[in-house]
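Notebook open, viewer open. I'm jotting down what I look up as I go.

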Amino acid sequence: MNTAANQQTTDTVLMVRPHRFYSNPETAITNAFQTPEPDDATTLALSEFDAMVAALSDAGVRVIVESDTPEPATPDAVFPNNWLSTHADGTVITYPMQPQSRRAERRQDILDGFKARHGLTVSRHLDLSTLENDGVYLEGTGSLILDRVGRRAFACFSPRTDPKGLARFCEATSYEPVGFTACDQDGVPVYHTNVMMCIGRQIIVACVESIDNDERGRVVDAFCAHHDLVPITLGQMNQFAGNMLELSTGDGEALLVMSSTAFNSLDASQRQRLEAACTLLPLDIPTIETAGGSVRCMLAEIFLPHA
């Protein structure tokens with residue numbers, strides 16, 4: 001595993017296989033991306049999950065798979081990046097979740113397994129979940145898009161991403177905050193930053209037109225300081241084109257993963273620009289996307305060093 005402190009991408013991810021999958025009515029209050037799930041949602045979601053694990057593994061990504069527990073019910077457990085992030089200095093961070101139904105997704109047994117089952121080093125556990133007591137929420141790398149090389153944390157504010165949470169994260173990790181407002185075509189705040197942008201080694205994919213007019217110039221300048229910007233439209237954002245994640249293969253090659261929905265929304269010019277920077281890997285997860293998240297949400301990046 002590549003764990004250099006200045007590295008943007010990793011070749012290892014955590015995924016959580018769902019026990020029962022359905023679109024969570026509590027999260028739908030703030031997540032405009034959710035749609036009704038089919039009657040056989042769990043069966044279809046499990047098939048999509050297993051196919052995604054196989055495709056990532058075949059592409060040279062190491063996938064750590066944990067299973068959701070039958071109780072308590074956690075319909076969004078398939079999206080572990082909202083409660084967990086890991087860092088190359090051995091830090092694990094757990095986060096405050098706005099929906100109460102999601103808080104049970106935080107599992108100490110998964111954290112313990114990094115060392116016990118996977119030979120990884122955890123030198124510090126930073127628990128930010130106590131911010132929930134003050135009504136302050138910051139939902140992991142759903143809320144935070146991290147420029148790990150430039151030490152900048154991008155976050156669009158919403159009911160699930162609080163400026164106080166961003167400030168607390170940055171104080172604890174020495175990241176520079178880049179906070180802003182982003183809304184969909186109906187003026188509704190984008191619930192998670194990772195549905196409107198992603199950062200790779202060379203590129204940033206972002207829905208620039210979703211950013212508030214008064215803040216757009218500042219944020220775009222921050223985007224372009226170290227990366228090439230590939231803009232997407234509001235319509236493409238709604239097709240999860242911002243919900244991509246760049247990974248490394250075991251050979252160190254750049255791999256940009258996204259859903260088939262996102263891939264199919266891109267035009268030829270956008271695909272060409274992305275393919276110049278990395279290999280594209282579209283993954284078919286239409287059932288899982290009914291819960292309002294896509295490929296990036298399913299992947300918790302593992303940057304921990306080997307023990």
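**Entry 1: a sheet**

In what order do the three strands of the open sheet run, and with what kind of pairing? I found the order 3-4-5, and the pairing is mixed. A reminder to myself before I go on: this is a predicted model.

Next I checked the edges. Strand 3 (84–86) and strand 5 (124–127) are the edge strands, each pairing on one side only.

Then I zoomed in on one pair. Strand 4, residues 91–94, pairs with strand 5 in the parallel sense, over four bridges. One bridge I wrote down by residue: T91 has R124 in strand 5 as its partner.

**Entry 2: the cores**

I went looking for the greasy parts. In soluble globular proteins, nonpolar side chains tend to be buried together. In this model, the largest nonpolar core holds 43 residues. F154, F180, M196, M197, F223, M244 and L274 have the most contacts inside that core. There is also a second, separate core of 26 residues, and F49, L255, C297 and M298 are among its members.

Skipping its neighbours within four places in sequence, L274 is in contact with I203, V205, V230, M244, L256, L266 and L280.

**Entry 3: T193**

Is T193 buried or exposed? T193 comes out at 0% relative accessibility, so it counts as buried, the cut-off being under 20%. I placed T193 in the loop between strand 8 (176–180) and strand 9 (197–199).

What does T193 touch, leaving out residues up to four places away in sequence? My list reads G142, S143, I145, F154, A155, C156 and F180. Two of those names, F154 and F180, I had already noted among the residues with the most contacts inside the largest core. For S143 I also have a polar detail: its backbone oxygen lies 2.6 Å from a polar atom of the T193 side chain.

**Entry 4: F263**

Last stop for today. F263 sits in helix 7, residues 260–265. Its relative accessibility is 18%, and because the cut-off is under 20%, F263 counts as buried.

Which residues does F263 touch, not counting those up to four places away in sequence? I got M258, R271, L280 and P282. L280 was already in my notes as a contact of L274.

I checked one distance too: the C-alpha atoms of F263 and T287 are separated by 16 Å, with the two residues 24 apart along the chain.

Note on methods. Residues are numbered from 1 along each chain as its sequence is written. This is a predicted model: local features need pLDDT of at least 70, side-chain atom pairs count only at pLDDT 80 or more; totals for chains, interfaces and linings use all residues. Side-chain values use heavy atoms; hydrogens and water are left out. A nonpolar core is a set of buried Ala, Val, Leu, Ile, Met, Phe, Trp, Tyr and Cys residues joined through side-chain atoms within 4.5 Å. Buried means under 20% relative accessible area, exposed over 50%, partly exposed in between (1.4 Å probe, protein chains only). Contact means heavy atoms within 4.5 Å. Helices (H or I, at least four residues) and strands (E, at least two) are DSSP runs, numbered from the N terminus. A polar contact is a pair of N or O atoms within 3.5 Å; within protein, one must be able to donate a hydrogen and the other to accept it, and residues adjacent in sequence count only if both atoms are side-chain atoms. Two strands pair if DSSP finds at least two bridges between them.
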